[in-house]
Amino acid sequence: MPEFARGQKSRLSDHTNATELNVGIDVSSAQNLVFDICCFALDANDRLIDDDHLVFFNNPVSPDGAIRSVGPHGGDEQVFSINLAALSPSVVRLVFTINLEGGGTMADIARGHVRIVAAGAEVLKYPYYGADFTNEQSIIAAELYQRDGWRFGAVGQGFVGGLETLVRTFGGDIASDSPSPILAPPAPAAPPLAPLASPSLPAAGLAPSPPPPPPPPPPPGAAAPVSALSLFGSTVSLTGLGPQLSGPPMEYKVLTQRDRFFAGKLNADQVEQAIMAYASEGWVMISSATAALGGRREEYLALLGRPIG
Amino acid sequence: MSVSLSKGGNVSLSKTDPSMKNLHVGLGWDIRATDGDAYDLDASVFLLTSTGKVRSDGDFIFYNNLKSSDGSVEHTGDNKTGEGEGDDEVVNVNLDGVPAEVDKMAFCVTIHDAETRKQSFGQVQGAFIRVANKDSGTELARYDLSEDASTETAMIFGEVYRASGEWKFRAVGQGFVGGLGPLARNFGVNA
């Protein structure tokens, strides 16, 4: 099984004739670095075809269904399942990127690899190490591209800038009027208080906890929860609200993936930590939902509430 | 009409452009798009006899020896980043002035400081060599070698050689381990 060095390229057909591949990407570090691993599907001009062709945790399937984000699998941090035969003809290059979220640089990683697995067997692997990098925050790890058939290239080069720089490299527009979730600058944590329009919504499920500390004042200009939800630029429908009950005046909070507790990749541990953290302030889960954000993206939302006073 | 060659392909320059007196050999590559040290590619030419060796060190034309002793081969100077459109480094050859015992001119490219900078040809985008008639500007042949390069740091891009009284060009695309020094020694230069 060949090991690739940085810069090395090869015809895929020299290694496998399969068209259904798993591309496994792994990064390990002594520090607790957080990575976003993405697949950009590019056209013949090396441009991202559109937002829906950026496949990652929050947009797990390309429009043609040929690129799927599998998540962690088989010991790799992130696996993409690729069906080359089903790719839209306009897609001629798949670029696999790693972006460090938060602090640190690629030089801080211990090691990592990109490998291709076909029919359960590893057919090639490109290992890389922290020493291969200096101060990059985002790298193009490897690419699959068409040139007389599909080829694999071990790239291992990147940018001091993060994801924005990657997106700009592939022709994306960061400062657009309609921010897409991954490209938009991190939103501030949800306002601490976002009272719903109707203060008499359910108190069902409230924990019999001691009264919480007095709530901080509502942020200036904070209006209905719609304004918090409109962060996403789309309509959100919450389901699962119980029947109206009479009870103490309530305050509510909408927890989203943009929340300070689980900004970034959705994972159950972070959701749990966030809910526990809010629970310590007296917040109780009232309902949760996913919100469609256009295309195939969804975002997890949780509605929390607690009695005022 | 320009011929786009693939690795190993050749074309007769004399047949394609019988009137050509002066050859323009251009080397180009794209400026580095990612962050890090720039790619500094250096073109060099070895004037070789039929034994495949230089007659003397003066037959090694490179950034520190820009002109052959007879003046027939001239390197127009070093470009350190690949910036700008078109050819980044150019070697001009006066074909009639090339000494009869020179059978072949090997056009090579090395990456400056590749080891320190951890660079190889596989990382360089858009590398090509092209051959044109210097006086008319007409391109005769071109070889894009981005896909043929991988971990090499020195390459023989192409060669202009005599064959039955004609000048021909061959796209070689052969990697060479070690850089400019070992490459020069391979061709008999006392580097």
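## The largest pocket

In this predicted model, the largest pocket holds about 730 Å³ of space. A pocket here is an open set of points on a 1 Å grid over the protein atoms alone, where a 1.4 Å probe fits, with protein on both sides within 12 Å along at least five of seven lines. The volume is the space filled by probe spheres set on the points, which are joined across faces, edges and corners.

Its lining (residues with an atom within 4 Å of a point) has 34 residues, and the closest to the centre are A:Asp46, A:Arg93, A:Glu143, B:Gln125 and B:Gly126. Three strands of chain A, β7 (93-101), β10 (138-146) and β11 (150-159), each give two or more residues. β11(A) has the largest share, with 5 residues. Strands are DSSP runs of E, at least two residues, numbered from the N terminus.

## Cysteines

How many disulfides are there over all chains? The count is 0, taking a disulfide as a pair of cysteine sulfur atoms within 2.5 Å. For A:Cys39, the nearest cysteine sulfur belongs to A:Cys38, 8.7 Å away.

A:Cys39 is buried, at 0% relative accessible area, and B:Cys108 is buried too, at 1%. Buried means under 20% (1.4 Å probe, protein chains only).

## Confidence and ground rules

Chain B averages a pLDDT (the predictor's confidence in each residue, from 0 to 100) of 91, and 99% of its residues score at least 70. The complex gets an ipTM of 0.74 and a pTM of 0.67 from the predictor.

Residues are numbered from 1 along each chain as its sequence is written, and chains are lettered from A and ligands numbered from 1 in the order in which they are written. Local features need pLDDT of at least 70, side-chain atom pairs count only at pLDDT 80 or more, totals for chains, interfaces and linings use all residues, and side-chain values use heavy atoms, leaving out hydrogens and water.

Notes. Buried means under 20% relative accessible area, exposed over 50%, partly exposed in between (1.4 Å probe, protein chains only). Helices (H or I, at least four residues) and strands (E, at least two) are DSSP runs, numbered from the N terminus.
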